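Hi,

Here is the model we talked about, handed over for you to open alongside this email. Have a look first, and then read on for what turned up in it.

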Amino acid sequence: MAEKCVSIKAASDQEDDNIDLETSPDMFRYPDGSVKLRNPHIELMDQDILYHLALGSGSHDLVEMFGDVKFVCMGGTPKRMENFAHYIMEEIGYQLPTGTALMDISQYSYRYSMYKVGPVLSVSHGMGIASIGILLHEIIKLMYHAKAKDPVFIRIGTCGGLGLEPGTVVISDDAVDGLGNHFYSVPILGKVVKRPCKFDKKLVRELKAMADPEDPYDTTVGTTMCAEDFYEGQGRCDGAFCDYTEADKMQYLEGLIKSGVKNIEMEAVPFSALTNQAGIRAAIVCVTLLNRIKGDQVCSPKEVINEYQLRPQKLVARYIKRHLQTKGRLSSFEGHGSMAVKSPRRFKLVQQESQTFE
Ligand SMILES: O=P(O)(O)O[C@H]1O[C@H](CO)[C@@H](O)[C@H]1O
Ligand SMILES: O=c1cc[nH]c(=O)[nH]1
């Protein structure tokens with residue numbers, strides 16, 4: 001039996017280094033907007049191998065390949081991120097050179113998938129804290145090596161909703177872990193280091209403004225709980241194990257709702273904390289697959305789930321288009337398909353030219 005409910009602690013009661021992009025921009029950025037790494041060791045290394053991306057600073061011309069990236073979009077599955085790459089290509093009118101097709105830049109890592117469409121990088125992150133944590137370290141370093149200017153990171157995900165109609169889009173403005181903490185606890189050299197979870201407030205507002213009153217679903221803003229597990233960690237009663245009652249579960253979920261939690265997923269804490277630590281503006285847009293107050297099983301048909309998954313993509317595509325429009329860059333994309341490689345010594349040649357449309 002569960003003995004007590006976890007309460008969400010006030011963010012102001014918690015450890016916080018109070019350093020963020022707004023208060024201390026020079027800590028995070030070079031004057032031209034490129035990402036600074038808060039790790040003195042990297043600059044001293046001959047080369048930096050981004051092992052799980054199958055890329056390296058010695059083997060690839062990362063500035064040539066990724067220097068123009070403005071939006072890093074990520075989501076759990078390789079298929080969703082491949083679909084998003086095709087979708088955003090249509091939406092921004094990006095044209096690949098004739099006879100070429102999009103390809104998975106990280107295919108030889110056999111871990112994550114990554115597609116590039118002009119200024120948009122579409123990357124899969126797998127499930128859970130450890131998986132997205134590794135990806136974020138390498139993508140943040142990739143942005144640093146590439147000298148990308150002011151990249152924005154957006155997670156496009158799915159989640160369980162709390163008291164929301166299935167199919168509702170939730171933009172996270174705060175993240176808490178399963179104990180109600182607003183920080184990411186990482187054991188480092190035998191000690192727990194706490195990194196505050198922070199989303200970019202302006203980005204949250206900008207994304208919310210992209211919701212269309214004509215959309216046949218709601219788009220809302222709220223706190224996201226990041227669980228370490230899909231089953232017991234999210235208070236489900238349908239895992240392989242369960243030592244609490246349905247009533248305990250309901251009490252817990254109702255308590256979360258009272259403290260402002262709108263949805264539950266599995267990456268918000270490291271995503272918000274590591275992007276904040278790197279001084280990168282970031283947001284999460286998730287669609288609710290079910291209302292957890294009504295059940296635990298995800299039982300909507302596949303076609304319904306697939307349509308739900310498009311909803312965060314649409315919102316983010318509107319945001320990207322709006323941003324490019326204001327910079328006068330929409331419809332100016334063509335012929336940026338090939339990927340420069342310094343030396344194919346360690347990794348297979350990365351290029352988009354060799355595949356033809358069927
Ligand atoms: O749909 P994505 O974005 O993969 O994320 C959610 O789905 C997975 C669980 O099914 C977790 O990773 C959770 O965060
Ligand atoms: O309930 C859900 C649905 C999707 N992803 C989660 O983590 N939880």
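A word on classes before anything else: Ala, Val, Leu, Ile, Met, Phe, Trp, Tyr, Cys and Pro count as nonpolar, Asp, Glu, Lys and Arg as charged, and the others, Gly among them, as polar. Please also keep in mind that this is a predicted model.

Let's start with ligand 2. Around it sit Thr158, Cys159, Gly160, Phe230, Gln234, Ile264, Glu265, Met266 and Leu289. Sorted by class, that shell has five nonpolar residues, three polar ones and one charged. Strand 6 (152–161) and strand 11 (261–265) each put in at least two of the shell residues. Which element gives the largest share? That is strand 6, with three residues.

Now for ligand 1. Its surroundings are made up of Gly75, Gly76, Thr77, Met127, Gly128, Gly157, Thr158, Phe230, Glu265, Met266 and Glu267. The split by class here is three nonpolar, six polar and two charged. Where do these residues come from? Domain 1 (1–28 + 155–326) and domain 2 (32–150 + 328–358) each contribute at least three residues to the shell around ligand 1.

That brings us to the domains themselves. The protein chain is assigned two stretches-in-two-pieces: domain 1 covers 1–28 + 155–326, and domain 2 covers 32–150 + 328–358. Where they touch, 21 residues come from domain 1 and 24 residues from domain 2. On the domain 1 side, strand 6, helix 8 and helix 9 each supply at least two residues, and helix 9 gives the most, with eight. By class, that side of the contact has 13 nonpolar, four polar and four charged residues.

Two helix pairs are worth a look on screen.

The pair of helix 4 (residues 78–92) and helix 9 (residues 302–326) packs at an angle of about 40°, the axes being 10 Å apart. Helix 4 and helix 9 are therefore oblique to each other, and their crossing is right-handed. From helix 4, Arg80, Phe84, Tyr87, Ile88, Glu91 and Ile92 take part, meeting Gln309, Gln313, Ala317, Ile320, Lys321 and Leu324 of helix 9. That contact divides into seven nonpolar, two polar and three charged residues.

The other pair is helix 5 (residues 129–146) with helix 8 (residues 268–277). Their axes come within 8 Å and cross at roughly 25°, so helix 5 and helix 8 are roughly parallel to each other. The crossing of helix 5 and helix 8 is right-handed too. On the helix 5 side you will find Ile129, Ile132, Gly133 and Leu136, and on the helix 8 side Val269, Pro270, Phe271 and Leu274. In this contact, seven residues are nonpolar, one is polar and none is charged.

Cheers

Notes: Residues numbered from 1 in each chain as written. Chains lettered and ligands numbered in written order. Predicted model: local features only at pLDDT ≥ 70, side-chain atom pairs only at ≥ 80, totals over all residues. Near = placed C-beta within 6 Å. Domains from an automatic or database assignment. Axes fitted to C-alpha atoms, helices over the stretch in contact; angles between N-to-C directions. Helix = DSSP H or I, 4+ residues; strand = E, 2+ residues; numbered from the N terminus. Parallel < 35°, antiparallel > 145°, perpendicular 65-115°, else oblique. Left-handed = near helix turned anticlockwise from the far one by under 90°. Contact = placed C-beta atoms within 7 Å.
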